[in-house]
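This report describes one protein chain for a reader who is new to structural analysis. Please keep the sequence and the model in view while reading.

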Amino acid sequence: MSNYILSCCSTADLSKEHFEKRDIHYICFHFEMDGKQYSDDLGQSIPFDEFYQAMVDGADTKTSQINTEEFMEYFEPFLKEGKDILHLTLSSGISGVYNSACIAKNELAEKYPERKIYIVDSLAASSGYGLLMDKLADLRDEGMDLETLVSWTEEHLLNLHHWFFSSDLTFFIKGGRVSKTSGFVGNMLSICPLLNVSFEGKLIPRFKIRTKKKAIRAIADKMIEYAQNRADYDGKCYISYSACYDDARAVADIIEESFPKLNGKVELYSIGTVIGSHTGPGTVALFFWGDKRVD
């Protein structure tokens with residue numbers, strides 16, 4: 001039994017069961033739908049299919065990050081138990097939650113000077129962030145001590161790859177991430193933008209792929225291009241998706257065929273309510289370990 005806890009934000013987009021099985025603690029972001037407040041609690045308050053259908057039907061969604069007070073209330077019971085903490089936050093390129101967690105850490109450090117609290121910016125999002133947490137749980141279970149694990153995390157963050165495509169630009173337009181003109185043309189021409197997360201943890205459009213079928217092939221090709229040991233990749237692979245299981249499954253099928261040494265089957269998870277509030281339905285995201293992200 002380790003003397004520290006592993007922790008993350010709910011935006012790591014794994015299932016409640018997965019977090020519990022791996023003994024990974026999490027704190028929930030928040031979202032609002034048509035004026036009603038909810039916790040981003042991994043589909044417990046609102047099933048994912050209902051959430052995405054509500055968006056299609058015109059529901060208005062907003063999101064809010066975890067504040068300093070919430071972090072303090074969340075961290076303190078672990079400290080009282082005599083546990084140290086390693087908490088990874090959602091990428092600072094997407095959210096300001098890292099700053100809130102750091103302020104909470106500094107406040108609590110004065111009250112619990114004998115305890116150690118490490119806050120690390122994951123530079124990751126959705127189930128890629130989850131894949132990182134899963135790897136840290138492996139290392140913890142192998143007996144790695146806290147300080148060594150923090151160092152490993154900081155050294156390997158940029159080896160985690162995120163590639164996304166969306167077959168529906170409606171909510172990218174609504175959120176201002178795509179202009180109305182570009183979005184209208186893109187939807188008319190069935191353009192699926194292919195994006196990734198940069199070394200700064202920001203979501204960057206990289207390619208415009210015409211038709212979803214080609215986008216499915218293109219995103220799988222990115223893993224073939226960048227995966228650690230290329231065709232001999234033997235790590236895990238996660239995919240998250242928003243109300244488009246068949247598209248995610250099509251990507252997974254290509255990955256499983258292309259990487260015979262893969263560690264188990266590709267694991268599929270729903271994009272959660274916070275990330276999903278910005279992507280809307282129709283997004284598929286692929287996560288794997290590879291070369292360091294350099295741009």
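## Charge

The protein chain carries 32 positive and 44 negative side chains, and the centres of the two sets are 6 Å apart. Lys and Arg count as positive, Asp and Glu as negative, while His and the chain ends are not counted. Each charge is placed at NZ of Lys, CZ of Arg, CG of Asp or CD of Glu.

## Basis of the model

The model is predicted: local features need pLDDT of at least 70 and side-chain atom pairs count only at pLDDT 80 or more, whereas totals for chains, interfaces and linings use all residues. Residues are numbered from 1 along each chain as its sequence is written, and side-chain values use heavy atoms, with hydrogens and water left out.

## Overall form

The protein chain contains 11 helices and 13 strands; these are DSSP runs numbered from the N terminus, helices (H or I) having at least four residues and strands (E) at least two. The C-alpha trace spans about 60 × 50 × 30 Å along its principal axes.

Of the 295 residues, 54% count as buried, meaning under 20% relative accessible area with a 1.4 Å probe, protein chains only.

## His-162

His-162 belongs to strand β8, residues 160-166. Its relative accessibility is 1%, so His-162 counts as buried. A polar atom of the His-162 side chain lies 3.3 Å from the backbone nitrogen of Ala-125.

Beyond its neighbours within four places in sequence, His-162 is in contact (heavy atoms within 4.5 Å) with several residues, including Leu-123, Tyr-129, Asn-196, Phe-287 and Arg-293.

Technical notes
Buried < 20%, exposed > 50% of the residue type's maximum accessible area, 1.4 Å probe, protein only. Polar contact = N/O pair within 3.5 Å; in protein donor to acceptor, adjacent residues only side chain to side chain.
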